[in-house]
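The following explanation leads a new reader through one structure, from the chain as a whole to single residues. Please keep the sequence and the model in view while reading.

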Amino acid sequence: MNTPEVKGNWNLQKSKLKQKFATLTDQDLTYVDGKKDEMFAKLQTKLGKTKEELQKIMDAE
């Protein structure tokens, strides 16, 4: 699975995502080494976004 890249500080990225999508929880955004694919799959399902859309959101600002 080709997942979006996490660039820069994950805590900052996580904060931006939580501001944009109030339905996200800390558990949804828990980054565990080796589990990035699973985290992004969960985000895609919960938000109804494609991996490309998630990447654009994370690259914004």
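What percentage of the 61 residues in the protein chain do buried residues make up? The share is 28%. This value, like those that follow, is computed from a predicted model.

The overall plan may be taken up next. The protein chain contains 3 helices and 0 strands, and its elements run α-α-α from the N terminus on. Of the contacts between residues at least 6 apart in sequence, 50% join residues that are at least 24 apart.

The helix α1 spans residues 10-20. Its buried residues are Trp10, Gln13 and Leu17. These lie on the same side of α1, because they cover an arc of only 60 degrees around the axis. The buried residues of α1 pack against α2 and α3. On the face turned away from the buried side, α1 carries the exposed residues Asn11 and Gln19.

Two residues of α1 may be examined individually. Leu17 lies in this helix and has a relative accessible area of 2%; since buried means under 20%, Leu17 is buried. Leaving aside neighbours within four places in sequence, Leu17 is in contact with Trp10, Leu24, Leu29, Ile57 and Met58. Leu17 and Met58 are 41 residues apart in sequence, yet their C-alpha atoms are 7.6 Å apart in space. Lys18 also has its place in helix α1. With a relative accessibility of 33%, Lys18 counts as partly exposed. Not counting residues up to four places away in sequence, Lys18 touches Leu24, Asp26 and Leu29. The C-alpha atoms of Lys18 and Leu29 are separated by 8.7 Å, and the two residues are 11 residues apart along the chain.

The description now turns to the other two helices. In general, two packed helices are described by the angle between their axes and the distance between the axes. Helix α2 comprises residues 36-47 and helix α3 residues 51-59; their axes come within 10 Å and cross at roughly 100 degrees. The residues of the contact divide into 5 nonpolar, 1 polar and 1 charged.

Which residues of α3 are buried? They are Leu54, Gln55 and Met58. Their arc around the axis covers only 100 degrees, which puts them on the same side of α3. The buried residues of α3 pack against α1 and α2.

The largest nonpolar core draws several of these residues together. Its 11 residues are Trp10, Leu17, Phe21, Leu24, Leu29, Met39, Phe40, Leu43, Leu47, Leu54 and Met58. The elements that give two or more residues to this core are α1, α2 and α3. The largest share, 4 residues, comes from α2. Leu17 and Met58, both members of this core, are also in contact with one another.

Terms used: Residues numbered from 1 in each chain as written. Predicted model: local features only at pLDDT ≥ 70, side-chain atom pairs only at ≥ 80, totals over all residues. Heavy atoms only, no water. Axes fitted to C-alpha atoms, helices over the stretch in contact; angles between N-to-C directions. Nonpolar A, V, L, I, M, F, W, Y, C, P; charged D, E, K, R; others polar. Core = buried A, V, L, I, M, F, W, Y, C linked by side-chain atoms within 4.5 Å. Buried < 20%, exposed > 50% of the residue type's maximum accessible area, 1.4 Å probe, protein only. Contact = heavy atoms within 4.5 Å. Arc of directions from axis to C-beta.
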